[in-house]
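Biologist: I would like to learn how to read strands, sheets and a core in a model, and I would be glad if we could go slowly.

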Amino acid sequence: CRPQALTFEYTGGDCSATTNEQSGKFWCEDLTPNAQLGAVTIQADASLSPALTDPVVGDTFTVSDSDRLAANTYFEIQGATKWQKMNIHTSCSKPLVIGDVYGAFTLRSFTCSSSGSSMGSSS
């Protein structure tokens, strides 16, 4: 299904921690953190809730769109201790599987845009 919302758990891993079925569609890049940036924040090119500042392992957040997520959803984690950029393919041509790891995130649940049905759980 084409997702309207994805819920992730922050695990803090590097790109090398990635284990998912998006071969050729997902990309992740670890960069050198910038000590002058201060607090670590997570940003996305879709709505992110709640806004996390200095996330700790186990924190969860949801990225969503009022209709459905774009074909690719871009994330950036940036701050004094972590800097990571990634792109998760969200158009349905590659599977989204509960428990898959995307760099510093683990997918915990998602909601389909067409049916509104949910898959997985946030815990």
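Biologist: Which residue in β5 is the bridge partner of Ser49?

Modeller: Before I answer, please keep in mind that this is a predicted model, in which local features need pLDDT of at least 70 and side-chain atom pairs count only at pLDDT 80 or more, while totals for chains, interfaces and linings use all residues. Residues are numbered from 1 along each chain as its sequence is written, and side-chain values use heavy atoms, with hydrogens and water left out. Strands are DSSP runs of E with at least two residues, numbered from the N terminus, and two of them pair if DSSP finds at least two bridges between them. Here the bridge partner of Ser49 in β5 is Thr62, and strand β4, residues 47–49, pairs with β5 in the antiparallel sense over 3 bridges.

Biologist: How many bridges join β1 and β5?

Modeller: β1 and β5 are antiparallel and pair over 5 bridges, and Thr62 in β5 also stands opposite Thr7.

Biologist: Which residues of β5 are on its covered face, and which are on the uncovered one?

Modeller: In a regular strand the side chains alternate between the two faces of the sheet. In β5 the covered face holds Phe61 and Val63, whereas Thr60, Thr62 and Ser64 are on the uncovered face.

Biologist: Which residues touch the most other members of the largest nonpolar core?

Modeller: In soluble globular proteins, nonpolar side chains tend to be buried together. A nonpolar core is a set of buried Ala, Val, Leu, Ile, Met, Phe, Trp, Tyr and Cys residues joined through side-chain atoms within 4.5 Å, where buried means under 20% relative accessible area with a 1.4 Å probe, protein chains only. The largest such core has 22 residues, and Phe8 and Phe105 touch the most other members. Its largest share, 4 residues, comes from β9. If we leave aside neighbours within four places in sequence, the contacts of Phe8 (heavy atoms within 4.5 Å) include Phe61, Val63, Phe105 and Thr106.

Biologist: Is Thr106 buried or exposed?

Modeller: Thr106, which lies in strand β9, counts as buried because its relative accessibility is 6%.

Biologist: What is the strand order in the open sheet of 4 strands?

Modeller: The order is β2-β7-β6-β3, with antiparallel pairing. β2 (27–30) and β3 (41–44) stand at the edges with a single partner strand each, so one side of each is left without a neighbour in the sheet. β2 pairs with β7 over 4 bridges, and Glu29 stands opposite Lys85 in β7.

How values were computed. Buried < 20%, exposed > 50% of the residue type's maximum accessible area, 1.4 Å probe, protein only.
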